[in-house]
Amino acid sequence: MALTLYVDTARWRAHHKHVQEQFPGLVPVCKGNGYGFGHERLSEEATRLGSDLLAVGTTYEAARIKDWFSGDLLVLTPFRRGEEPVPLPDRVVRSVSSIDGVYGLVGARVVIEVMSSMKRHGISEHDLPQLHQAIENIRLEGFAIHLPLDRTDGSDAVEEVIGWMDRLRAARLPLHTMFVSHLKADELARLQQQFPQTRFRARIGTRLWLGDHEATEYRGAVLDVTRVAKGDRFGYRQQKAASDGYLVVVAGGTSHGVGLEAPKALHGVMPRAKGVARAGLATVNRNLSPFVWGGKQRWFAEPPHMQVSILFVPSDAPEPKVGDELVAHLRHTTTQFDRLVDR
């Protein structure tokens, strides 16, 4: 009995090919928990796509993934002096976001990140005059720019990239390759048309692996079902059942990421109102679970345990049976499954 990730493999891979066709030179990203699929599986899928380069989050991830992916690996976290040394092969490319970082990687293959409107990390326009000397002792693989997802000020992502291309060109720096993130296919095409001598490579993770929501589904197996009457006490904290119904023990707990929710950016009045309502219910121990039964998301009977969750299903709903599977609306990037089933 397990929390299972079911994958419609043919549909999932068809989506990968579609994205690859939209973004020539695509660099797949495999970081964190492998977008819910795991590093080994995504390494296999990147190989299937014929990718020559796979982007990973950290040097620790690169050390693991190097045994599963035979092409080059791009570490997205910028190098910092004093970081713990991790033995890596020469096919690993490091990102840097400072002049000091460039000087600290003598002889290495390097991608230099420029500061975007994200304002997260990157070299500034004022750093450019110092780069000529700094890049003499590295193998420059290109420049990179990481763009924001939303542009509430109405600015144009393409214009932001063009601005950096113009600055780099004015500084007489090599512009053979530019790695970009969070551009649309038509935006990438506009850039490629304007700068035909530069190869633009889109680093894509979420859109590639999770872009077709209908291709994957989590399900938790029912392990036990106990009928309770209103007022019956149950669980670790011996709470009282609010009405007649069933206590349903389902595979999937905190070790899987169930009940652990990453903060979300809310836009609009209705989503904010729902967020406030959920927060209010949580103060009286009413928390909606991600599990669906009888067409509705069901409430946690109590906070999820390490490997299972206990749900309350009212008596007017169909009675779950041991072995049934409940669909679970879970975020891939925070979920760890017990098994993955291709179908």
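E319 and K321 form a salt bridge in which the closest N and O atoms are 3.7 Å apart. The model is a predicted one. E319 has a relative accessibility of 32% and therefore counts as partly exposed, and K321, at 46%, is likewise placed in the partly exposed class.

## Salt bridges

Side chains of opposite charge can pair when their charged atoms come close. The structure has 22 salt bridges in total. Three of them are set out below.

| Pair | N to O distance |
|---|---|
| R11 and D212 | 2.7 Å |
| R203 and E113 | 3.6 Å |
| E319 and K321 | 3.7 Å |

The salt bridge between R11 and D212, at 2.7 Å from N to O, links distant parts of the chain: R11 belongs to helix 1 (residues 9-22), while D212 lies in the loop between helix 8 and strand 10 (216-228), 201 residues apart. What is the relative accessible area of R11? The value for R11 is 38%, and this residue is partly exposed. D212 has a relative accessibility of 17%; a residue under 20% is classed as buried, so D212 counts as buried.

The side chains of R203 and E113 meet at 3.6 Å, N to O. This pair also links distant parts of the chain, with R203 in strand 9 and E113 in strand 6, 90 residues apart. R203 and E113 are both buried.

Salt bridges also join residues into a network, whose members are R13, R41, E45, R48 and D342.

## Aromatic rings

A pair of aromatic rings is described by the distance of the centres and the angle of the planes. The structure holds three aromatic pairs. One of these is formed by W12 and W209, with 6.2 Å from centre to centre and 45° between the planes, a tilted arrangement. This pair links distant parts of the chain, since W12 sits in helix 1 and W209 in helix 8, 197 residues apart. Both W12 and W209 are buried. Ring pairs join W12 and W209 with F37 in a cluster.

In what order do the strands of the open sheet lie? Eight strands form this sheet in the order 2-9-8-7-6-5-4-3, and their pairing is parallel. Strand 2 (27-28) and strand 3 (53-56) stand at the edges; each has a single partner strand, so one side of each is left without a neighbour in the sheet.

Strand 5 (residues 92-96) has five of its five residues buried, so this strand is largely enclosed by the rest of the structure. From strand 5, V92, R94 and V96 point one way, whereas V93 and S95 point the other way, and all are buried.

Strand 5 pairs with strand 4 in the parallel sense over four bridges, and in this pairing L74 stands opposite V93 of strand 5. Strand 5 is also joined to strand 6 (residues 109-114) by three bridges, and these two strands run parallel. Towards strand 6, R94 stands opposite V110 and V96 stands opposite I112.

## Cavity and pocket

How many cavities of 30 Å³ or more does the structure hold? There is one cavity of that size. The largest cavity has a volume of about 30 Å³, and its lining consists of E113, V114, M115, S116, M118, K119, R120, H121 and H146. By class, this lining has three nonpolar, three polar and three charged residues. E113, which forms the salt bridge with R203, is among the residues that line the cavity.

The second largest pocket has a volume of about 860 Å³. It is lined by 31 residues, of which H146, L149, S181, H182 and T206 lie nearest its centre. The lining divides into 12 nonpolar, 11 polar and eight charged residues. Which elements each supply at least two residues of this lining? They are strand 4 (72-78), strand 8 (177-181), strand 9 (199-204) and helix 8 (206-210).

Definitions and conventions. Residues are numbered from 1 along each chain as its sequence is written. This is a predicted model: local features need pLDDT of at least 70, side-chain atom pairs count only at pLDDT 80 or more; totals for chains, interfaces and linings use all residues. Side-chain values use heavy atoms; hydrogens and water are left out. On a 1 Å grid over the protein atoms alone, a cavity is a set of points where a 1.4 Å probe fits but cannot get out, and a pocket is an open set with protein on both sides within 12 Å along at least five of seven lines; lining residues have an atom within 4 Å of a point. Grid points are joined across faces, edges and corners, and a volume is the space filled by probe spheres set on the points. Ala, Val, Leu, Ile, Met, Phe, Trp, Tyr, Cys and Pro count as nonpolar, Asp, Glu, Lys and Arg as charged, and the others, Gly among them, as polar. Buried means under 20% relative accessible area, exposed over 50%, partly exposed in between (1.4 Å probe, protein chains only). Two strands pair if DSSP finds at least two bridges between them. A salt bridge is a side-chain nitrogen of Lys or Arg within 4 Å of a carboxyl oxygen of Asp or Glu. Rings of Phe, Tyr and Trp (its six-membered ring) pair if their centres lie within 6.5 Å; planes under 30 degrees apart count as stacked, over 60 as edge-to-face and the rest as tilted.
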